[in-house]
Amino acid sequence: MTLRGWLVTRTRRAWLAVLLLTLAACGGNTPANLALHPEDAWTATVPASATIVGSTEFSRMLGDGEIELRSTREVDAQAAALRDRFESDVLSLEGTGSVPPDIADLLSSADLSAVPMGDVPSSLPDGTVVTLNGPATRLHDEVKARDLAGSVKNALTAYTVSYDLLPDGLKAQAPSPDSLATATLSEVMAALAQIDDLLAGDPSLRAARVEETPAAPGPSGLAAASEATGPATQLEPGQGSDEDGECSAPTGLAGLFWFPLKSFVSPVKSQGNRGTCWAFAALGAVESQQLVQNGRQINLSEQFLVNQVKRVWSPSDYSEGFWGPAALNEAVDRGQNLAEEFSWTYNKASNRPSLPDGDAAAYEDTCDPYGIGANGGSCSESAHESPVYCTE
């Protein structure tokens, strides 16, 4: 597991930025004699959430392979790449015919060049501000969804998981995954529909009903696993939380109704003032899967998954949007363990300004109060929230 953060050093002419890389189980790989070049200069404002370290400590970390360069040019390149991807997605979706209404409205916009690239804030009637996926994320999600929908491999994986969970009596009535190894997409989808029909005939999985005694979904408090799967020793979890006590109370529809998989649903959670809905969706699915398949109650760290995506897999310092299925597929492909909530608790960024993201201004006060004081958690004013260190 690794955790990276900012480190900024200023020469006589400019600021030079590098990322702090804390190594938990592997050796350093940055040569001690790495030269700092003008194009590596950090010329933007030094992050307010930065911790100042001395130049000697900077040299030690560089020599030990604990840091790697991050320049202003690289951050600018991230923004340019997001714009290029947006334009490519527009071309991919234009003229395809059937698209969701919101995507159709976006594609018909008079001036696509003026739309914000990051996530966008929106105010609810009660004044609460929520962060929604921006145009670039919405278009790219649609493109990725179409790619997955056309993948035989993805469909067969879904079928295999569903088939393995069937009772023996129902398995005998469905084709085995091995028999579908060379099947077409339509044949695999037909087999998935067959499983749906078999489950629909199970009386224990029929319609919801009103609870005699209202109860919240899911187990009462997800217990931590016996072993930590995340970088607990390298992170300060802070006082954050991914749950919302007010929403979790058994007073809403989820509390009033019984439904077949209710005991396998995680508690109601809150993403706060951040564009991280995809991380909650992805990890909520994994938490439920662990309960269904293994009887294991876990609460996974959305903060850690967002960090991995925005720092490593799809780097972006100033845009939080992504897609849940893509994050899980990336984790599987990379053999990435998922950290648990106690390793790095979630920061709701309650004091972050209500601005479309895409630059540093939209991330001011992200760490207030999460990363402040003796009990503050690991944080920075960025999408990935890796700690920031600077030297002069």
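**Notebook: disulfide, pockets and ring pairs**

I began with the bond between C367 and C379, where the torsion about S-S is about -90°, so this disulfide is left-handed. The loop between helix 12 (324-334) and strand 10 (388-391) holds both C367 and C379, which are 12 residues apart. Helices (H or I, at least four residues) and strands (E, at least two) are DSSP runs here, numbered from the N terminus. The sulfur atoms of C367 and C379 are 2.1 Å apart, and a disulfide is taken as a pair of cysteine sulfur atoms within 2.5 Å. I found the count by this rule to be 1 disulfide.

I noted that this is a predicted model, in which local features need pLDDT of at least 70 and side-chain atom pairs count only at pLDDT 80 or more, while totals for chains, interfaces and linings use all residues. Residues are numbered from 1 along each chain as its sequence is written, and side-chain values use heavy atoms, with hydrogens and water left out.

Next I looked up accessibility, where buried means under 20% relative accessible area, exposed over 50%, and partly exposed in between (1.4 Å probe, protein chains only). C367 is buried at 8% relative accessibility, and C379 is buried at 7%. C277, with a relative accessible area of 31%, is partly exposed.

I then turned to open space, using a 1 Å grid over the protein atoms alone: a cavity is a set of points where a 1.4 Å probe fits but cannot get out, a pocket is an open set with protein on both sides within 12 Å along at least five of seven lines, and lining residues have an atom within 4 Å of a point. Grid points are joined across faces, edges and corners, and a volume is the space filled by probe spheres set on the points.

The largest pocket has a volume of about 860 Å³. I counted 25 residues in its lining, and those closest to its centre are T157, V161, Q289, L328 and N329. Helix 5 (152-164), helix 10 (277-294) and helix 12 each give at least two residues to the lining of the largest pocket.

The second largest pocket holds about 450 Å³ of space, and V75, Y318, G358, A360 and A361 lie nearest its centre among 25 lining residues. Helix 2 (residues 72-93) gives the most to this lining, with 6 residues.

G358 lies in the loop between helix 12 and strand 10 and is partly exposed at 41% relative accessibility. Leaving out residues up to four places away in sequence, G358 touches Y318 and Y363, where contact means heavy atoms within 4.5 Å. G358 and G118 are 240 residues apart in sequence, yet their C-alpha atoms are 4.9 Å apart in space.

Last, I checked aromatic pairs, in which rings of Phe, Tyr and Trp (its six-membered ring) have centres within 6.5 Å, with planes under 30 degrees apart counted as stacked, over 60 as edge-to-face and the rest as tilted. The structure holds 4 aromatic pairs. One of them is Y159 with Y163, whose ring centres are 6.0 Å apart and whose planes meet at 25°, so the pair is stacked. Y159 and Y163 are 4 residues apart in helix 5, about one helical turn, and both are buried. The rings of Y318 and Y363 have centres 5.7 Å apart and planes at 45°, so this pair is tilted. I noted that both Y318 and Y363 are buried.
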